[in-house]
Amino acid sequence: IKFQQDFQVSYPIAFDPSMNVASKYLLGGYPTIVIIDKAGKVAYLNSGEIDAKALSTQIQKAINS
């Protein structure tokens, strides 16, 4: 993926050509942040910007759940 290469992104990026995932989780705006925990459950879902500290907090919660 060009974005991943251009910005040297190391986290997984999903491609949703059929929009199946988007239809379930997109709240109406970009970006939509969905964090899935180790059990495969949605741990965090938000539409709009989030600052780095708040995002880190949500990721840590998902990791530790």
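Q: By how much of a helical turn are K2 and D6 separated in helix α1?
A: This is a predicted model, where local features need pLDDT of at least 70, side-chain atom pairs count only at pLDDT 80 or more, and totals for chains, interfaces and linings use all residues. Numbering starts from 1 along each chain as its sequence is written, and side-chain values use heavy atoms, leaving out hydrogens and water. Helices (H or I, at least four residues) and strands (E, at least two) are DSSP runs, numbered from the N terminus. Because K2 and D6 lie four residues apart in helix α1, their separation is about one helical turn.

Q: What N to O distance goes with the salt bridge of K2 and D6?
A: Side chains of opposite charge can pair when their charged atoms come close. A salt bridge here is a side-chain nitrogen of Lys or Arg within 4 Å of a carboxyl oxygen of Asp or Glu. The structure holds one. The K2 and D6 side chains meet in a salt bridge, with N to O at 2.8 Å.

Q: Is K2 buried or exposed?
A: Buried means under 20% relative accessible area, exposed over 50%, and partly exposed in between (1.4 Å probe, protein chains only). D6, at 47%, is partly exposed. K2 has a relative accessible area of 57%, so K2 counts as exposed.

Q: In what order do the elements of the protein chain run from the N terminus on?
A: The chain has three helices and two strands. Its C-alpha atoms fill a box of roughly 30 × 30 × 25 Å along the principal axes. From the N terminus on, the order is α-α-β-β-α.

Q: What percentage of the 65 residues in the protein chain is buried?
A: The strand β1 (residues 32-36) has a covered face, I33 and I35. T32, V34 and I36 make up its uncovered face. Across the 65 residues of the protein chain, the buried share is 15%.

Q: Which residue of β2 is the bridge partner of V34?
A: V34 sits on the uncovered face of β1, as does I36. I36 bridges to V42 in β2. For V34, the bridge partner in β2 is L45.

Q: What is the relative accessible area of M19?
A: M19 is in the loop between α1 and α2. Although not a glycine, M19 has a positive phi of about 65 degrees. Q8 lies in the loop between α1 and α2 and has a positive phi of about 50 degrees, again without being a glycine. M19 counts as partly exposed because its relative accessible area is 43%.

Q: Which element gives the largest share of the lining of the largest pocket?
A: A pocket is an open set of points on a 1 Å grid over the protein atoms alone, where a 1.4 Å probe fits, with protein on both sides within 12 Å along at least five of seven lines; lining residues have an atom within 4 Å of a point. The largest pocket has 25 lining residues, with A14, V21, T32, I33 and V34 nearest its centre. α2, β1 and α3 (52-64) each supply at least two residues. The largest share, five residues, comes from β1.

Q: How much space lies in the largest pocket?
A: Grid points are joined across faces, edges and corners, and a volume is the space filled by probe spheres set on them. For the largest pocket, the space is about 960 Å³.

Notes:
Pairing = 2+ DSSP bridges.
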